[in-house]
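Visitor: Before we go through the packing and the open space, could you show me the model itself?
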Amino acid sequence: MNYQKQLEEVIKQEKNNRKKLLLHSCCAPCSSYVLEYLREYFDITVFFYNPNISSGAEYEKRLQEEKKLIEVYNEQVRDSDFKDMNSTENAGMIKILESP
């Protein structure tokens with residue numbers, strides 16, 4: 001099964017109907033491409049959760065990196081500065097939720 005082709009079909013069908021998407025993220029490096037790509041088509045809320053991190057300090061460090069990444073993307077949207085990324089003026093703001 002080719003999930004990329006399925007996603008492209010959903011995007012094509014819902015072209016004029018922007019939907020909300022809750023996206024799980026374990027860290028900023030894993031979510032960077034996905035966020036940049038999908039924010040063109042969805043209003044994204046990131047749920048940051050990684051139970052594999054045992055150290056509270058390491059968890060906080062990774063959470064802060066995720067927040068920094070999202071802030072960079074949101075700043076590009078606020079400034080309409082899309083020249084150094086794969087997004088266009090269709091890109092939306094990204095929100096973040098943290099696990100309790």
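Guide: In this predicted model, helix α2 passes helix α3 in a right-handed crossing.

Visitor: Why are α2 and α3 called roughly parallel to each other?

Guide: The axes of α2, residues 28–38, and α3, residues 56–79, come within 10 Å and cross at roughly 20°. Angles under 35 degrees count as roughly parallel, and α2 and α3 are therefore described in that way.

Visitor: Which residues in α2 and α3 meet?

Guide: From α2 the residues are A28, S31, S32, L35 and E36, and they meet E65, E66, L69, I70 and Y73 in α3. The residues of this contact divide into 5 nonpolar, 2 polar and 3 charged.

Visitor: What makes up the lining of the largest pocket, and how do its residues divide?

Guide: The largest pocket holds about 220 Å³ of space, and of the 13 residues that line this pocket, I11, E14, K15, E40 and Y41 are the closest to its centre. The lining divides into 4 nonpolar, 3 polar and 6 charged residues.

Visitor: Which helix gives the most to that lining?

Guide: Helix α1, which spans residues 3–13, gives the most, with 3 residues.

Terms used:
Residues are numbered from 1 along each chain as its sequence is written. This is a predicted model: local features need pLDDT of at least 70, side-chain atom pairs count only at pLDDT 80 or more; totals for chains, interfaces and linings use all residues. Side-chain values use heavy atoms; hydrogens and water are left out. Axes are lines fitted to C-alpha atoms, for helices over the stretch in contact, and angles run from 0 to 180 degrees between N-to-C directions. Helices (H or I, at least four residues) and strands (E, at least two) are DSSP runs, numbered from the N terminus. Angles under 35 degrees count as roughly parallel, over 145 as roughly antiparallel, 65 to 115 as roughly perpendicular and the rest as oblique. A crossing is left-handed if the near helix is turned anticlockwise from the far one by less than a right angle, and right-handed if clockwise. Contact means heavy atoms within 4.5 Å. Ala, Val, Leu, Ile, Met, Phe, Trp, Tyr, Cys and Pro count as nonpolar, Asp, Glu, Lys and Arg as charged, and the others, Gly among them, as polar. On a 1 Å grid over the protein atoms alone, a cavity is a set of points where a 1.4 Å probe fits but cannot get out, and a pocket is an open set with protein on both sides within 12 Å along at least five of seven lines; lining residues have an atom within 4 Å of a point. Grid points are joined across faces, edges and corners, and a volume is the space filled by probe spheres set on the points.
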